[in-house]
Structures are given as C-alpha cells and as structure tokens.
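Morning, everyone. One structure today, and a quick walk through its folds. Have a look at the screen.

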Amino acid sequence: MSTMRISGLASGMDIDQMVKDLMKAERMPLDKLTQKKQTLEWQRDDYRSMNALLQDLDNYIFSNLTLQSSMLKKKVTSSNDSVVTATASASAANVSMNINVAKIATSATWISTGTENFAQGARTLSLNVTNGDGSTKAVTLSIDASDTLDTVLAKLNNHNDLGITAFYDSVQDKVVITKKDTGAAASLVLNDADTAAFFQQLGFSDAVAGAELTGKTAGQDAQFTINGLTTTRPSNTFTLGNVTYTLKAAGSATIATANDTDAIFNAIKGFVDKYNDTISKINAKLSEQRYRDYLPLTDEQKEAMTEKQVELWEEKAKSGLLRGDTILSSGLNQMRIGVYSKVNDPAINPDYDTLSEIGITTSTNYLENGKLVLDETKLRAAIEKDPNSIYQLFNANGSTFDTKGIARRLRDTIQDTIGKIEQKAGKTLWTNDQFSIGRNLDDLNKQIAAFNDRLQQIEDRYYRQFTAMEEAINRANQQSAYLMNAFGGSQ
C-alpha cells in the first residue's frame with residue numbers, strides 16, 4: 001500500500017517533482033533491464049524472419065525440384081485438337097502416335113413412351129446395372145409413398161451406383177435416362193415385379209421383371225486405329241504408355257510427346273532466383289552494422305521525440321542484432337558446399353554431375369557472397385540433351401552427402417539450420433521455456449517485476465521522509481506563530 005502523500009504546502013517545495021527526479025536515478029537499472037528485454041525480443045523476431053526465408057526456400061525446392069511431376073513434365077501436341085487431345089505423365093516416353101478415329105464412344109439411353117398416371121407407392125427397387133466397360137453391380141433404391149416425380153428423379157440421379165442422368169420433358173411427356181459412362185456393354189436389368197411396375201409408372205410401359213429396361217438406344221465403344229492397330233475402348237478417354245488420350249470426334253490426328261523443356265528450365269531458374277534472394281537477405285543481416293550507442297528508447301524518451309525521430313532511432317537500435325551469427329553463417333557455408341559439390345550417382349551423366357556443367361556458376365564478385373549466375377543457353381541445351389540426369393543431379397537419393405542430389409542436400413541443411421534457430425529463438429506457438437531467448441526473457445520479466453516492487457518501496461520511503469519533513473516544518477511554523485503572538489500580546 002502506498003504511503004499517504006502530502007504536498008509541499010509547508011515547505012513551499014514541489015515534492016512530487018523532487019520525488020520524480022530522485023526516482024529517475026533509481027529507475028536507471030530498471031531501464032537497462034527493459035532495454036535488454038526489448039533487444040532480445042527484436043533479436044528473436046529477426047531470427048524468426050530468417051527462418052521464414054529458409055522455410056520459403058525449402059518449400060520452393062520441395063514443390064519445384066523434388067517432385068518428378070514438376071521437373072520432368074511432358075509437352076503433348078495434337079495436329080487436330082477437335083479429333084484427339086492428350087496429356088502425358090512425367091514417365092511417358094517421347095512418342096509420335098497416328099490416330100484415326102472411326103467412332104467415338106457414346107452412352108446408352110432409355111426413353112419412355114410417356115409417364116402414365118404417375119402415383120407411386122412405397123417400394124424398394126432392385127436392378128442389375130452394367131456399365132459401359134462391362135462391370136456389373138446390384139443396386140437397390142428405396143421409394144417412398146410421398147415421393148413425387150421430381151423427388152423420384154432426384155433419387156435416381158443422386159444414386160452413385162446407378163450412374164445415370166434422368167429427366168422429364170413436359171413437352172414430350174417423356175422420361176429420359178442416360179448412362180453417365182460410355183460403352184456398348186451398358187444395361188439396366190429390372191430384377192423383380194415391383195421394380196418393373198415402378199418403371200411402368202415412369203412410362204416404360206413394356207418394362208418386364210427379369211429383363212432389361214425397354215426404350216433403349218445402345219451405347220457404343222470407341223473404334224479407332226492407332227499406329228496401324230485397330231482397336232476399341234468403352235470410353236473416349238484411355239491411357240497407353242503413360243499418355244492419356246481423349247477422343248473427341250471422327251477423324252485423324254497425330255499426337256506427339258516431348259520433354260517440356262520450359263517446365264524444368266523455369267523450375268531451375270526459379271530456384272536460382274529464390275536461392276540468391278535468400279542468401280542475399282541472410283548475408284545482409286550477418287553484415288548489418290551494429291550501433292551500440294543506440295539502445296531501445298524508454299517510454300519517457302519516446303514522449304520527448306517525434307514519430308520520425310523514434311522511427312530513425314529504432315532503425316539503428318534494431319540494426320546488427322544478428323551480425324556474424326554463427327548458426328546462420330554455418331548454415332550458409334554448408335548450403336554453398338552442397339550447391340557446388342559434385343553429385344556421385346551412377347544414374348547421372350558424368351557431363352552433368354555439377355551445377356557448373358549445366359550453366360550455373362558462382363559470381364566472381366566476392367561481395368555477392370556466393371550468388372549463383374545462370375547461363376540460360378547452356379542450361380536449356382543440357383535439358384534438351386539429358387533431362388533425366390539433370391533431375392537426378394538435384395534428386396539423387398543417396399545415403400551420404402556425396403551421393404545425395406543438390407536439392408536433398410540443401411533441404412537437409414535448411415532443416416538443420418531451422419532447427420538450431422528454433423532452439424534459440426523458438427517459433428510462434430512455442431512458450432518461452434522451450435527456447436533459450438525465451439528463457440532469458442522469462443528471467444528478465446521476473447527481474448523487472450521484482451525491481452518494480454522495490455521501486456515502489458523506495459518511492460513510498462521518499463514520500464514518507466518528505467511527509468515527515470513537511471509535518472516538522474508545519475509544527476515549527478505553528479510554534480513560531482504562537483511565540484510571535486505571545487510576545488506581541490505582552491506589549
């Protein structure tokens with residue numbers, strides 16, 4: 001509890017200002033603790049921003065250099081897109097296929113002769129459904145007495161195992177049912193009398209239990225000749241040799257598959273840019289000037305400055321907090337070694353087992369701290385000649401540093417560096433006791449709390465002392481007045 005404070009009415013002194021001035025000296029150690037805390041918080045945030053840069057680089061490497069589907073893309077062209085289009089997986093061979101389409105695959109359709117007097121009762125439908133490719137399954141479907149034509153059609157459409165699209169045309173007064181898949185084998189067989197009666201209500205008047213639904217126009221298989229081989233497929237989309245073809249109409253076309261040079265080139269060029277940007281920002285932090293005379297400002301100091309002055313001051317106070325940091329320096333050095341070292345893997349063409357051999361070298365300007373320089377012409381030529389070796393250059397899955405691809409080496413180093421930084425500076429969801437700077441911050445918070453309690457006690461003591469002085473002066477003044485009155489009265 002604070003001491004009762006008496007202003008300097010008796011002494012004429014500004015007691016509050018005097019105590020405030022005295023407390024400035026007392027608060028100096030607390031200001032140092034608070035400044036140290038602020039510096040640690042800034043340093044923690046700087047470390048985390050470096051980790052964010054490293055994680056972004058790691059994410060890029062994973063998404064663009066380690067996935068075969070990203071690096072070894074295939075480019076597929078069709079001489080007639082209106083007849084055939086195609087896509088290819090990364091493992092597809094470079095081929096040229098001549099396709100002559102005689103017929104495209106179509107879906108089976110059933111059309112009713114009308115809807116009769118549609119009035120359903122509750123029943124369970126039972127059908128054998130054969131898809132266009134010949135696969136068959138037994139299907140049941142519950143119909144409620146309250147179902148209308150619209151709700152019945154909705155149930156038919158939403159039943160995945162039926163695989164049909166059904167609608168009612170009010171102008172023609174007919175129900176149309178179409179298989180979603182294509183192929184000549186498609187059929188709908190009504191298994192019992194209840195099911196036949198249901199479809200009779202839908203207007204398929206000749207529906208019979210144990211037989212296929214009437215009103216059918218059969219689907220057909222696609223018929224085509226590919227590089228001289230005449231064949232059929234139940235679907236217009238099919239895969240041969242990791243190339244997926246889609247037939248669109250009768251006619252002829254040539255499908256050509258080739259390496260997508262642009263895809264692998266762009267992935268590697270993007271890596272070079274990302275790598276250079278990352279090491280540039282980290283090196284900037286490592287070499288940033290430290291201004292030790294610019295300590296974090298106290299609240300009182302900030303109040304005496306303009307916003308711009310505070311901004312400029314703090315810019316220097318925050319500078320150099322990671323200067324020469326050993327974790328980051330070691331991480332960058334290991335990344336450089338990983339990038340420059342030869343990859344010893346038998347699957348790699350010896351002509352392309354280092355980055356320099358595919359057109360990626362180190363800047364000769366030592367001030368750029370290992371920046372990569374890309375010769376685009378040389379890289380494109382290497383990609384055209386042997387894309388698989390270039391993929392392996394980045395992704396060789398060896399068990400040792402020498403036999404690992406460059407992307408794998410870098411990811412190992414990045415994750416190791418991130419882990420070390422997290423042990424020092426933590427991450428967003430960690431509590432302070434999980435990393436070293438956090439533990440230091442907790443210790444400082446305890447010291448600051450204890451010092452604030454001590455300052456309160458000192459301030460209370462000063463006010464007690466000045467209060468005692470004021471009371472003494474007040475008593476002396478009262479005694480002096482009494483004596484003066486007494487002497488004046490005797491005359």
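Helices here are DSSP runs of H or I with at least four residues, strands are runs of E with at least two, and both are numbered from the N terminus. On that count, the protein has twelve helices and 17 strands.

Ground rules. This is a predicted model, where local features need pLDDT of at least 70 and side-chain atom pairs count only at pLDDT 80 or more, while totals for chains, interfaces and linings use all residues. Residues are numbered from 1 along each chain as its sequence is written, and side-chain values use heavy atoms, with hydrogens and water left out.

Overall dimensions next. The C-alpha trace spans about 145 × 75 × 40 Å along its principal axes. The radius of gyration, taken over C-alpha atoms, is compared with a globule rule of 2.2 Å times the number of residues to the power 0.38. For 491 residues, a compact globule would come out near 23 Å; the protein has 42 Å.

Now the sheet. Strands pair if DSSP finds at least two bridges between them. Five strands make an open sheet, in the order 1-15-3-11-12, with antiparallel pairing. Strand 1 (74–78) and strand 12 (229–233) are the edges; each has a single partner strand, so one side of each lacks a neighbour in the sheet. From one strand to the next, the twist averages 25°.

Look at one pair in there. Strand 11, residues 222–226, runs antiparallel to strand 12, and five bridges join them. Ala222 sits opposite Arg233 of strand 12.

Next, a hairpin. Strand 13 (residues 237–240) and strand 14 (residues 243–247) are antiparallel, joined by four bridges. Thr239 faces Thr244 in strand 14. Two residues lie between the strands, and Gly241 in the turn has a positive phi of about 60°.

Last, a helix pair. Axes are lines fitted to C-alpha atoms, for helices over the stretch in contact, and angles run from 0 to 180 degrees between N-to-C directions. How do helix 5 and helix 8 cross? Helix 5 (residues 261–286) and helix 8 (residues 326–340) have axes that come within 10 Å and cross at roughly 150°. Angles over 145 degrees count as roughly antiparallel, under 35 as roughly parallel, 65 to 115 as roughly perpendicular, and the rest as oblique. The two helices are therefore roughly antiparallel.

Contact means heavy atoms within 4.5 Å. Helix 5 contributes Tyr275, Ile279, Ile282, Asn283 and Leu286; helix 8 contributes Leu328, Ser329, Leu332, Met335, Arg336 and Val339.
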